[in-house]
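Here's a short walk through one protein structure, written for someone meeting it for the first time. Take a look at the sequence and the 3D view, then read on.

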Amino acid sequence: MKLKTISSAAAVCMAVTMLAGCGQTTDTSSESTAETAENAAETVTVKISPEEEEKISSMTSLEMIRAMGNGINLGNTLEAYNHKGYIGGGNPDGFETGWGQPYTTAEMIRGMKNAGFDTIRIPVAWTNGMNYESGDYTIDERLMSRVETVVNYALDADMYVIINDHWDGSWWGMFGSEDMAVRDKALEMYKSMWTQIGGNFKDYSRKLIFESANEELGDRLNDKDVTGSEGVLSKNECYETTNMINSEFVKLIRSQGGNNADRFLLIAGYNTDIAMTCDERFKMPEDSAESKLLLSVHYYTPWDYCGTESVDHWGSPRDYKEQNDLFEKLSKFSEQGYGVVIGEYAVMQKNGGLKPDTDKFYANVLDNCDLYDFCPVLWDCSNFYKRVTNTLADETIAELFSSRRYENENKDTDTVKAEAKARIDETAQAASDEQTASIEFPPSDDAAIAWIMYASSDYGVSYSVGDSYDPTSCTTGVKAQNAQITGEGTYTVSLDFSDCGMAKGVSFSALGISNGEQLFPGYTYTIDEILINGEAYEMTGKGYTCSDDGKCTRVNLYNGWVKNVPDDARTGDGDMTDCSPQILQLTDGKRVKTISVTFTVKAGQ
């Protein structure tokens, strides 16, 4: 791994490697950070020519997305949550270091621009400066001023800028309260917040974009963090409320006049999840301005690779297909004329460094964004862009990002799209060829492959978890013996974790048979023996045959999410007595070096 220097910097940073700060509630003293703020404060005067402003004003949503190029988040910084500290008398100007990031300077932002990022997303927790419990929704001027300063740094660096209200202690759960008065207060607070933010920035350049929310519009409208109890909104009502909030956001900003009358607005999708946002229940709001709405979604798929340490490889045919299919599905919005912002995407670091195949993952994301007119905005908390030293953690990825900056592409749109499509097709085909050559039983619609799905209790070790068989979706070093089911008989499958430090207990495991329901419908799979570290394990119940998706057959070995045996479960002897989805129970203290499962396949009666 190489560090690529962008420029020097003089701040001090504590290391953090989390993907996103949603849900963290660290309270820290603001005295030292406030002092740092005073020492580091810089006055920046931003001058954007009338010609450039007019050019932006005349852009359509899709043209704006292309100009926004490649983006990065100022993660875990101005959204670092310390509402209790503010209520206790703290200065919100200094809270941004509370989650381990350095105090932001103009030099850091210029370094991001020099690294190839044309856009910066600045998440903000506005209740860090608001005494909202008392009904006072006034945003503390010190917080507003600090956000304004950082926005000015970015505009001065010639970047497009996104600001939002980001998690923010999940006050959003007030929208799902059973008490209608609490819901009314939530909407009143939301409107007051954006009245102040929009009013403060209404004459700012149109390069500044307002985002209606982060990941909170959707299921998190039922969060209990603030209300103390789970919300009562149904799924349909969550969609309806999401649409209402986005609509109120647009109407409010437009009513403020100035540049807000036609400023680009970023509309948060449902859970910012691609599939849920593509659901017909999600609606983009109406807008008095023409072609000025953008859509925001996030991309951390597959989560086992992007968000946990267990899976440290990406790039199988299944991986490429999953990503390409989701981005193609999302393109329905760009086809309707809405520019799409992938407001967050990232691959979690492992052991302090980038995971293998991170470059493949990012390259394919950027190719899809080029193909479908999306703006990718990397989630970063000094993981890739080191803010203290203004260096980049990996030279290969640094060159990738730099090559996708707006000015470097310097090609007409059709050429950019054609080249992206060619790369997408080539890499997917290369992955398919590689897998076919290297794996004994590659995934195939024409074969039923038996394997052991496995995730350790700490999710540090895993192998092909989920109903889609993918032998490449695993922790490095796992050795698998899988089997092709050809009919009735006895088979053995196994996993060997010895080359990856052994697995701690189990959080999930199942015997899976890909295409089992289609190629061998009605067949049953009876567990004859389980060996743990070569010794016979006494099962704590009787396994049963079932399917979650109507395609993959499975026998749950340990599935804590299933509380009862499903009605359509089946067994070889027809007796459901003592059947359980948890026949393999291994505690955290159990170190699993090897596991093997021997089972009998029998045709249905």
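What follows covers a helix residue, a sheet and the cysteines.

Keep in mind as you go that this is a predicted model.

**A residue in a helix**

Let's begin with D370, which sits in helix α12, spanning residues 358-372. Its relative accessibility is 13%, so D370 counts as buried. The D370 side chain also has a partner: it makes a polar contact with the side chain of R404, at 3.1 Å.

**The sheet**

Next up is an open sheet built from five strands. Reading across, the order goes β14-β16-β23-β19-β20, and the pairing is antiparallel. At the edges you'll find β14 (479-481) and β20 (535-536), each pairing on one side only.

Now zoom in on one pair. Strand β16 (residues 489-496) and strand β23 (residues 594-602) run antiparallel and are joined by eight bridges. One spot to look for is D496, whose bridge partner in β23 is T594.

**The cysteines**

How many disulfides does the count come to? The answer is zero, with a disulfide taken as two cysteine sulfurs within 2.5 Å. Here are two cysteines to check:

| Cysteine | Closest cysteine sulfur | Distance | Relative accessible area |
|---|---|---|---|
| C474 | C500 | 8.5 Å | 10% |
| C579 | C546 | 10 Å | 13% |

C474 is in no disulfide. For C579, the sulfur in C546 is too far away for a bond, because the distance is 10 Å.

How values were computed. Residues numbered from 1 in each chain as written. Predicted model: local features only at pLDDT ≥ 70, side-chain atom pairs only at ≥ 80, totals over all residues. Heavy atoms only, no water. Helix = DSSP H or I, 4+ residues; strand = E, 2+ residues; numbered from the N terminus. Buried < 20%, exposed > 50% of the residue type's maximum accessible area, 1.4 Å probe, protein only. Polar contact = N/O pair within 3.5 Å; in protein donor to acceptor, adjacent residues only side chain to side chain. Pairing = 2+ DSSP bridges.
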